[in-house]
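Subject: Structure handover

Hi,

Here is the structure I promised to pass on. Please open it next to this email and follow along.

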Amino acid sequence: MTCALTYDLVVSWDAELTALITRIAGPLFTRPEPRQAFADLVRALLADVPRKNSWQLADHIGHATAHRFEHLLDRAKWDVDALRDEVRSYVIAHLGRADGVLIADDTVAIKKGEMSVGVAEQYCGLTGQVENCQVMPMLTYASEAGHAFVNRRLYLPESWAHDTGRRGRAGVPEHVVFRTKPQLVIDMLTEELAAGTPFRYLCADSGYGRDPHLRAFCHERQISYVMAVPIDLPLVAVRGGVEPAGHVLDRLLALGRAGIWERRSCGAGTKGLRVYDWTAVSAAVAGQAPAPGYAHTLLIRRSVTAPLEVEFFLAHAPTGTSVSELIEAAGMRWKIEENNEHGKDLLGLTSYQVRKWTPWHRHVTIAMLALAFLAVTRAALPAPADETAGGGKDRPLLEASAG
């Protein structure tokens, strides 16, 4: 998608950014110095700066040193969760829809050394192997209007959670205890429900879909979901007993009916429609019933170009929900990967050089605000004349500097 940049358009973006920062910073800070540093940091993150650490951002904005940004992130007195709530409210006000979705996934920052809070040798979804990294479960809100992060957590491995000295040096609050990544997602979902975030489905990859506690939470709260699940997810077999989800596909293929697959799009991406072969069957999860009035469906997706590449999804939705709707929800999971990419490549989401708990949360949440501003600005752009209705849902992220 192309956008004709005009002076008036850029001026309007600047005015909207100024109004947003002023509205949020007013009650957030009691002193003018951190209020101005906050405004400068948001603008610097949106600017074309090669490496978005405090020193290069300070140099771009015209500060002699990085001390103002470092003070803002570390020692200044302000409530980072209040900022998170403002980011959510801003996203929902502009992008919120009754049929929106919440998407859970991990953002990973590969790090050197052992001092950065939460860093450990652990599985890295970015490379598919064990790396020295930080893992941060995130929530994206997505609708037809656009998508942006609305919540975040830093995963604290057990080696950190039980090391008093290490916790103290990194400033980890005493109330923070070890929580698995699915438990952290449950915590964020609880916050979204309390905030009244409008959403129809929760989407996630198999790292979360495999967790019975996360699924149980959704059943108890009557939350619909479409989550990828592992091939060995235990299901109730047709003739009793338990069988892995993979056996369902084996049985369908053993019938020799090529017609089990239907080619469908699960949404538009930056390179066009995402088209796969799909099939769906009713399912019963062993030892875990759906919510009253809800049913489980096993969706099976096959790659068109590589038929041996198969992925399984477990859907939990009101009885009678169409398979088309479930497939569309499954396709929304990719939105958070786009947020991860844009946050890292454009806004320095993981370019921080902070090591402590509070500065980490402050940097990431300010980067979330910058991403939300871009998502809302993009949503307001007029669609090109050749786009069909809904065809502009995945336009490239606006890459204009607002600073």
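This is a predicted model: local features need pLDDT of at least 70, side-chain atom pairs count only at pLDDT 80 or more; totals for chains, interfaces and linings use all residues.

Residues are numbered from 1 along each chain as its sequence is written, and side-chain values use heavy atoms, leaving out hydrogens and water.

Cysteines

A disulfide is a covalent bond between the sulfur atoms of two cysteines. Here it is counted as a pair of cysteine sulfur atoms within 2.5 Å. The structure has zero of them. Cys124 is in none; its nearest cysteine sulfur, that of Cys133, is 4.7 Å away. Cys203 is buried, with a relative accessible area of 0%. (Buried means under 20% relative accessible area, exposed over 50%, partly exposed in between, with a 1.4 Å probe and protein chains only.)

Glu131

Glu131 sits in strand β3, residues 129-143. (Strands are DSSP runs of E, at least two residues; helices are runs of H or I, at least four; both are numbered from the N terminus.) Glu131 is buried but has no salt bridge. (That is a side-chain nitrogen of Lys or Arg within 4 Å of a carboxyl oxygen of Asp or Glu.) The nearest side chain of opposite charge, Lys112, is 11 Å away. (Lys and Arg count as positive, Asp and Glu as negative; His and the chain ends are not counted.)

Strand β6

Five of the five residues of β6 (residues 225-229) are buried, so the strand is largely enclosed by the rest of the structure. Tyr225, Met227 and Val229 point one way, and Val226 and Ala228 the other. Strand β5 (residues 201-204) pairs with β6 in the parallel sense, over three bridges. (Two strands pair if DSSP finds at least two bridges between them.) Strand β12 (residues 310-318) runs antiparallel to β6, with five bridges.

Salt bridges

The count is 18. Asp81 and Arg152 form one, at 3.0 Å from N to O. Asp81 is in helix α5 (residues 80-95) and Arg152 in strand β4 (residues 146-152), so the pair ties together parts 71 residues apart in sequence. Asp81 is partly exposed at 34%, whereas Arg152 is buried at 1%.

Best wishes
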